[in-house]
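Trainee: I have a structure open and would like to go through it with you. Can we take it one topic at a time?
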Amino acid sequence: MSTPTPNLNAAAIAPQEMAFQRESQWRMMLGRFTSNKLAVLGGIIVLILVLTAVFAPYIAPYDPIYSQDYGNVLQPPGGNHILGTDNLGRDTFSRIVFGARLSIQAALISVGLAVVVGVPIGLITGYVGGFWDEWVVMRVVDALQAFPSLILALAMAAALGGGFYNAMIAIGVGFIPSFIRITRAQVMAVRNLEYVQAARAIGSSDLRIMFLHVLPNTLGPVIVQVTLSMASAVIAEAGLSYLGLGASPEQPSWGGMLHVAQGYLNVEPLMAVWPGLAIFFVVLGFNLFGDGIREMLSPQ
Amino acid sequence: MSKRIKVLLVAAMVGLAMLFAAACGGGGDVGDTPDGAEDGDGSPQYGGTLNVALSSDAPRLDPGLSSSVYDRYVFQSIFDKLADIDENGEVVPVLAKNWDVSDDGLTYTFHLQEGVKFHDGTDFNAEAVKFNFDRNTDPASPRRGELAAVKEVTVVDEYTVEVVLSEPFAPFLSILTDRAGMMVSPTAVEELGEDFANSPVGTGPFKFESLMKGNNITLVKNEDYWQDGLPYLDSIVFKIITDTNVTATNLKSGQVDISDWRFPTKEIANFENDDNFVIVNEASQNYNGFYLNISKPPFDNKHARQALDVLMDREALVDLVKDGAATVAHSYFSPGCFAHGDSDIPPEPSVEKAKEILAEGGLEDGFTFTYKTAATPEQQQIAEMLQSMFKEAGITMNIEQIEFGTLLDQTIKGEFEAAALGWSGRPDPDQNIFDDVFTDGSMNYSRFSHPEIDELVTAARKELDQDKRKALYDDAMEILVDELPYIFTYHENNVICHSKNVHGFTYISDGLIRTAEIWKD
């Protein structure tokens, strides 16, 4: 996805001596981020999403699952239901609000899994190199990347069985290859630089060099990848739920809501609009935020 | 003369009644009566093509090997049966002119129509009937179970066949109104072998013309049909349209003249208000609901099963899921069946009652179970509604949506607590209850076993007197509504929509379309 960029190698000379420069550097980066209006907008959207998820029970006027009202189904927006009701008479707004929780969870679990597995593998193979790196790990990564990610997630979700967490694991596995690749590329760029050679010369162990000296210098692109993957995770969760492989059907997943709304397009088309808009804004938010971070870390 | 006046009078009265009904805002089956009032019944016209929408492909056009309801749809036009059911659910003769049944109920003597020929010119006679019975009782045929009671078939003379059963079997004649009674050409089977399904040959009003997998099946008129003056149409094209919403659109645009029985219920109101269409919305033979696995907790406890039964608001399910095109259910027998009785009336939904039942069964704190269901929008809606209804008495229901084949497989193996599977229904009550409740029956997925039930349903299939059979089924249902190995939701209606220029369609409770008497203007 993102190609390795010339990194901030200045920061990696020796941690203690660089404290001052590092502080001013953070300030500079923050300045670069805030001057990017779209990035700030993305940040705000992400913040709203997080706050909505955290305070969902206080924001939503109705229970998202059990507030069924059979005399009041498929209502257009207005009255007691600002976004109308669904096919079981549940408040659409409440379901959208609680849906934020599922989306955040989806993003954190799947991307978290990809980072925890992908980054160490990329770090080790990139640092060690040789046969295992070139002919085993990277070829497996190629093979995994040859599948469109949603197809891979579908196959895995089918194999693991339904359910929200299995779906998130399936999506996370799909993300692992890109994290291996990005980390490895970064590691290869820095593993023979002078400060690493210096560390080696004074007898530091490989493990110490990898995790203390190399890893911190690979994190920039990884962080960018994390934010961008979160957007993909939200879409993938919606996609799997739409296909009935994600969250349990009563759960207010935005994808699941779209799936149900599809059957009522002739009757109450707005039912499909709200979860669609929610997905749109959150994905946009994560993408803008991710782009902002990328520019902040590597000004061109 | 006086006859014509009578017809006119009746027509005028019908017209008036319709006008009145329309003025009162009653929807009803207004349909094609306005033109009926103008020119009596309207005389049938010859010619034209009937385009039938089929919501799935018909996989195997061979009555002896078919196991799909969609095949049965196409068979109605290609094959005649020994007997059929009429609009009142009674068994009526077709290729068998009439029959005698011995007093012990073991010997059936069929007297056949004479001078009937198969589409390939082969004579239809007693030998052909024997050939078909032998073929359908072959171990390879899915028909074998239906004809398990058949011991021997003998040719008495050219147009008389005698079938001897090993024990009295009341459903026998009704079974001959479906695939087991369809007559295929012996010559064609011998010539074509496996390939018969790709060019089926029967005696029916239409001959097979061509088939394009997943797209269409075309039939043309049988000019030598044995029933005088029939059929009216020149040809029939079954169009495979898997999305029923697309079927609705095609009806509007005139690409399709008649839908199968899966017309989308959400569109009923819309089409009922359109003068160009007739909606047939009638009770069928099926039932829907879910099996409870009583071989393991929580449903080994009868009180757990009874609590679910009394918590369900079936009226709400019928209204919301089926848009009213269903009848609440509490038994294996739908309203059209002679065995239908008071057992089909479900209990009034009551949370207090459910809590009492749970307390009696030592389940004061409720319980948790998993409900497995297919992933269709309709099934999902049912599941979510049930989940919410059960919640009120502290019962937690987890929903697991799986693909239909997997669901069936796991249900058969007993890997479930509750499994949502319905039954499309058959004309004879025995075929709707026996295998579900008989110990180790082929569809007894609940693992239910009750000696008294075994006795009752066995006695009912051997009894030939309808009133006595009904009494036996009433006794069985009395036990079953207490035991509840299966929880019923509703009997789904068959909903068929046809354009108003399609005439002569008669609704039969199996939902299949008989085309011989259909004509278009």
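Trainee: How many residues of chain A are in contact with chain B, and how many of chain B with chain A?
Mentor: This is a predicted model. In it, 14 residues of chain A are in contact with 18 residues of chain B.

Trainee: And how do the residues on that side of chain A divide into nonpolar, polar and charged?
Mentor: On the side of chain A that touches chain B, seven residues are nonpolar, six are polar and one is charged.

Trainee: Now chain A by itself. How many helices and strands are there in chain A?
Mentor: Chain A has twelve helices and zero strands.

Trainee: What box do the C-alpha atoms of chain A fill?
Mentor: Roughly 80 × 45 × 30 Å, taken along the principal axes.

Trainee: What share of chain A is buried?
Mentor: Of the 300 residues in chain A, 44% are buried.

Trainee: And the contacts inside chain A, what share comes from residues 24 or more positions apart?
Mentor: Counting contacts with a separation of 6 or more, 72% are between residues 24 or more positions apart.

Trainee: Give me one residue to look at. Where is A:Gly290?
Mentor: A:Gly290 lies in helix 12 of chain A, which covers residues 270–297.

Trainee: Buried or exposed?
Mentor: A:Gly290 counts as buried, because it has 23 C-beta neighbours inside 10 Å. The cut-off for buried is 20 or more.

Trainee: Which residues is A:Gly290 in contact with, leaving aside neighbours within four places in sequence?
Mentor: A:Val224, A:Thr227 and A:Leu228.

Trainee: Switching to chain B. What is the strand order in its open sheet of four strands?
Mentor: The order is 1-10-9-8, and the pairing is mixed.

Trainee: Why is one side of strand 1 and of strand 8 left without a neighbour in the sheet?
Mentor: Strand 1 (49–54) and strand 8 (206–212) of chain B stand at the edges, and each has a single partner strand, so one side of each has no neighbour in the sheet. From one strand to the next, the twist averages 20 degrees.

Trainee: In which sense do strand 1 and strand 10 of chain B pair?
Mentor: Parallel, over six bridges, with strand 10 of chain B spanning residues 235–240. For one pair of residues, take B:Asn51, whose bridge partner in strand 10 of chain B is B:Val237.

Terms used. Residues are numbered from 1 along each chain as its sequence is written. Chains are lettered from A and ligands numbered from 1 in the order in which they are written. This is a predicted model: local features need pLDDT of at least 70, side-chain atom pairs count only at pLDDT 80 or more; totals for chains, interfaces and linings use all residues. Two residues are in contact if their C-beta atoms, placed from the backbone, lie within 7 Å. Ala, Val, Leu, Ile, Met, Phe, Trp, Tyr, Cys and Pro count as nonpolar, Asp, Glu, Lys and Arg as charged, and the others, Gly among them, as polar. Helices (H or I, at least four residues) and strands (E, at least two) are DSSP runs, numbered from the N terminus. A residue is buried if 20 or more other C-beta atoms lie within 10 Å of its own, exposed if 12 or fewer, and partly exposed in between; C-beta atoms are placed from the backbone. Two strands pair if DSSP finds at least two bridges between them. Axes are lines fitted to C-alpha atoms, for helices over the stretch in contact, and angles run from 0 to 180 degrees between N-to-C directions.
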